[in-house]
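Morning, everyone. Let me put the structure up, and then I'll walk you through it.

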Amino acid sequence: MSVEKYVAENMQQFLQLLEASVNMDSPSRDKSLCDRMASWFAEQFVSLTGGEAKLVANEVNGDQVLCTLGSGEKQVLIIGHYDTVWPAGEVSRRPFSVQDGKAYGPGVYDMKAGVMQALFALRALVQLGRLPEDKKVVLLLSSDEEIGSPTSRFLVEQEARKSIASFVLEPPSEPDGALKTWRKGSAHYSVQVHGISAHAGVDHQNGVSAIEEISRQIQFLHTLTDYEKGTTVNVGLVKGGIGSNVVADFAEAEVDVRFKTMQEAERIGQLITNLPSHLKGAHVEVSGGIRRPPMERTEKTAALFALAQAISRDELGLKLQETGTGGVSDGNFSAYCGTPTLDGLGARGNFAHSPKEYVELAEVPVRAALLARLIEEV
């Protein structure tokens, strides 16, 4: 029996477990709710696959879930996360539902269906006696991906360095379900300007406006965007001043930067961290830096995609494509370690981070089969 057929025949159980997972709130910053979700996923992994699961204690965010299946010398890493962007109580307002072959609910698309899809792919390999003897599969579910993976990055990189390949359970790109072979990296900077306050009507000439200075800095920062290089610089938040009749002595801008290569990240970083002031008497301070390195497309990643494409074409009837995105994931970290990384192996659907998010249930068996076959063949 094929993995695709096995998963298709077990979709009723898949739906029951997907409903249970979606109907458990797991907002990134709520440790108690995340810990409950982590324990639940660990229990399901053991129950479905017979493998081992342990909770990696986390004092700040939810515990991480580290699952292991098999004991071969070649480690394959599957990366996912169980936290969502939705606050506590969201599932009571709009619980899991199924309509016209689509599953709805908080976090169903990003990424609880993707995690459940991976569990059933692994279960199929075990039940069908097809788990390769030379492989050890590690499934890592982090608790804080949606807020930048501040406590899980180390664990992702630790396991990636041991692995021959990493498969990321983020959703594929739509409308064609393409896998992601590259992602931009991201950086965040805070630009603070100190000026000299003065009465705007009585003593304007002796003031130095931090708002004027920050406006000039913003104009320069936006000139750094270069679409041909894949670089974007966006000032998304500005604040300063205390009143219209006061020359502002302080202003601040928050800057988001995206880039395709580390070389470009370093070039842009040098320009931003060394911003000169324009107004005499104004002082500019810059803090921040790279948050996620880019997931660069390498020859090894290209070969991994070629394998996925061949499996899809020859066995699953899919015309699989590759793409990239300006969004980031934990795949950025595994790729930065030099591990060939394919992203977008989660569930198909649409509207991530939106109340309209959904998953196409008919696509679950074939996408689970793709992941399973990659584990077999890589």
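First, a term. Buried means under 20% relative accessible area, exposed means over 50%, and partly exposed is in between, with a 1.4 Å probe and protein chains only. Now the ground rules. This is a predicted model, where local features need pLDDT of at least 70, side-chain atom pairs count only at pLDDT 80 or more, and totals for chains, interfaces and linings use all residues. Residues are numbered from 1 along each chain as its sequence is written, and side-chain values use heavy atoms, with hydrogens and water left out.

Start with the sheet. Helices (H or I, at least four residues) and strands (E, at least two) are DSSP runs, numbered from the N terminus. Two strands pair if DSSP finds at least two bridges between them. What is the strand order in the open sheet of six strands? It reads β1-β2-β6-β3-β7-β16, and the pairing is mixed. β1 (52-56) and β16 (341-342) are at the edges with a single partner strand each, so one side of each has no neighbour in the sheet. Further in, β3 (residues 74-81) and β7 (residues 163-168) run parallel, joined by five bridges. L77 has S166 in β7 as its bridge partner.

Two helices lie across this sheet. For the angles, axes are lines fitted to C-alpha atoms, for helices over the stretch in contact, and angles run from 0 to 180 degrees between N-to-C directions. Helix α3 (residues 31-49) lies across β1, β2 (64-69) and β6 (135-142), at about 165° to β1. Helix α6 (residues 153-160) lies across β1, β2, β3, β6 and β7, at about 155° to β3.

Now look at G51. It sits in the loop between α3 and β1. Buried or exposed, this G51? Buried, because its relative accessibility is 11%. Contact means heavy atoms within 4.5 Å. Beyond its neighbours within four places in sequence, G51 contacts F45, V46, T68 and L69.

On to the cores. A nonpolar core is a set of buried Ala, Val, Leu, Ile, Met, Phe, Trp, Tyr and Cys residues joined through side-chain atoms within 4.5 Å. The largest has 66 residues, and L18, F41, V108, F167, L342, L371 and I375 touch the most other members. Helix α5 (residues 108-127) gives the most to this core, 13 residues. A second, separate core has 21 residues, among them A187, V191, L221 and I272.

Last, charges. A salt bridge is a side-chain nitrogen of Lys or Arg within 4 Å of a carboxyl oxygen of Asp or Glu. How many salt bridges does a search of the whole structure find? The count is 23. R94 and E90 form one at 2.7 Å, N to O. Both R94 and E90 are buried. D256 and R258 pair at 3.0 Å, N to O. D256 is partly exposed at 26% relative accessibility, and R258 is partly exposed at 22%.

Finally, E377 and R373 meet at 3.0 Å, N to O. They are four residues apart in helix α11 (residues 364-377), so about one helical turn separates E377 from R373. E377 is partly exposed at 43% relative accessibility, while R373 is buried at 12%. Shared partners link R130, E315, R373, E376 and E377 into one salt-bridge network.
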